[in-house]
Amino acid sequence: MPNGDIIPCGAGLDDPFETIDDEDELVYATHATVEYFIDARGLASTQVIFAKGAPKSAAKEARDKAAKRCRRLALAIMALFFLTPVFYTLVHMRKRAVVRRHTIAALEDFYKRAKPDKLNDAADIADKYEGFEDILFKRLERQYPGFTVNRQIAAGQSLQGEEEVVEEEVDKEDAPQEL
């Protein structure tokens with residue numbers, strides 16, 4: 001049979017190309033691999049190892065198509081089951097990386113104003129308070145009265161107006177002065 005299972009020849013079948021299908025009907029194969037052997041009783045026996053070209057009935061073909069669709073559906077469900085957590089983890093990791101980057105930028109901005117010697121520790125502090133950024137900002141504002149954490153930087157909103165002003169000042173300083 002085309003599926004590769006070992007199917008013994010039926011009793012009384014003389015031709016190795018004769019095979020009995022799943023519906024107990026006699027079918028003829030165009031090509032067959034047959035194994036001849038002596039069984040435990042000492043009688044000569046044959047087994048069809050592989051038969052090719054045996055006609056299939058319409059009902060068997062319909063069952064095979066349905067089984068194939070079922071296998072595809074099961075495979076898709078298994079892939080979805082195993083890949084969904086992986087996808088979720090990758091998305092979550094990317095979001096956390098973005099939040100971490102914004103938190104570090106907000107801490108650097110805060111420490112530039114409040115305590116410049118802690119500027120190098122901004123990344124370590126952001127890692128320590130990962131997921132608890134609001135608590136960190138409140139503690140910093142309580143610890144350093146008069147200074148506030150810029151929440152726009154922490155939220156990922158850029159301060160483009162301030163950046164443009166800083167860039168213009170830098171350009172003016174770099175420009176050669178005429179005497």
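Me: What is the relative accessibility of Arg151?
Reply: Buried means under 20% relative accessible area, exposed over 50%, and partly exposed in between (1.4 Å probe, protein chains only). Arg151 counts as partly exposed, because its relative accessibility is 35%.

Me: Which atoms do side-chain values use?
Reply: This is a predicted model, in which local features need pLDDT of at least 70, side-chain atom pairs count only at pLDDT 80 or more, and totals for chains, interfaces and linings use all residues. Residues are numbered from 1 along each chain as its sequence is written, hydrogens and water are left out, and side-chain values use heavy atoms.

Me: Arg151 and Asp134 form a salt bridge; what is the N to O distance?
Reply: A salt bridge is a side-chain nitrogen of Lys or Arg within 4 Å of a carboxyl oxygen of Asp or Glu. Arg151 and Asp134 meet this way, with N and O at 4.0 Å. The N to O distance is 4.0 Å.

Me: Which residue in helix H3, ten residues from Arg151, also pairs with Arg151?
Reply: This partner makes a salt bridge with Arg151, and their closest N and O atoms are 3.2 Å apart. The bridge again links distant parts of the chain, helix H4 and helix H3.

Me: How many salt bridges does the structure hold?
Reply: Some of them are joined: Arg96, Glu130 and Glu133 are linked in a network. For the whole structure, the number of salt bridges is seven.

Me: How far apart are the closest N and O atoms of Arg113 and Asp109?
Reply: Both sit in helix H1, and they are about one helical turn apart because four residues separate them. Arg113 is partly exposed at 36%, and Asp109 is partly exposed at 23%. They form a salt bridge, with the closest N and O atoms apart by 3.1 Å.

Me: In what order do the elements of the chain run?
Reply: Helices (H or I, at least four residues) and strands (E, at least two) are DSSP runs, numbered from the N terminus. The chain has five helices and five strands. From the N terminus on, the order is β-β-β-β-β-α-α-α-α-α.

Me: How far does H1 reach from its first C-alpha to its last?
Reply: The expected span of a helix is 1.5 Å times one less than its number of residues. H1 has 57 residues, so 84 Å is expected. The model comes close to that, at 82 Å.

Me: Where does H1 bend by about 30 degrees?
Reply: The bend at a residue is the angle between axes fitted to the seven residues ending there and the seven starting there. A proline, Pro85, follows the bend within four residues. The bend is at Leu83.

Me: What is the relative accessibility of Phe137?
Reply: Phe137 is in helix H3. Contact means heavy atoms within 4.5 Å, and, beyond four places in sequence, Phe137 touches residues including Thr103, Leu107, Val149 and Arg151. Phe137 counts as buried, because its relative accessibility is 3%.

Me: How far apart in space are Ile125 and Ile104, C-alpha to C-alpha?
Reply: Ile125 lies in helix H2 and is buried at 13% relative accessibility. Leaving aside residues up to four places away, Ile125 touches Leu107, Tyr111, Lys118 and Leu136. Ile125 and Ile104 are 21 residues apart in sequence, and their C-alpha distance is 8.3 Å.

Me: What share of the residues in the chain is buried?
Reply: Residues such as Phe110 and Ala114 in H1 are buried. Their cover includes H2, H3 and H4. Over the 179 residues of the chain, the buried share is 21%.
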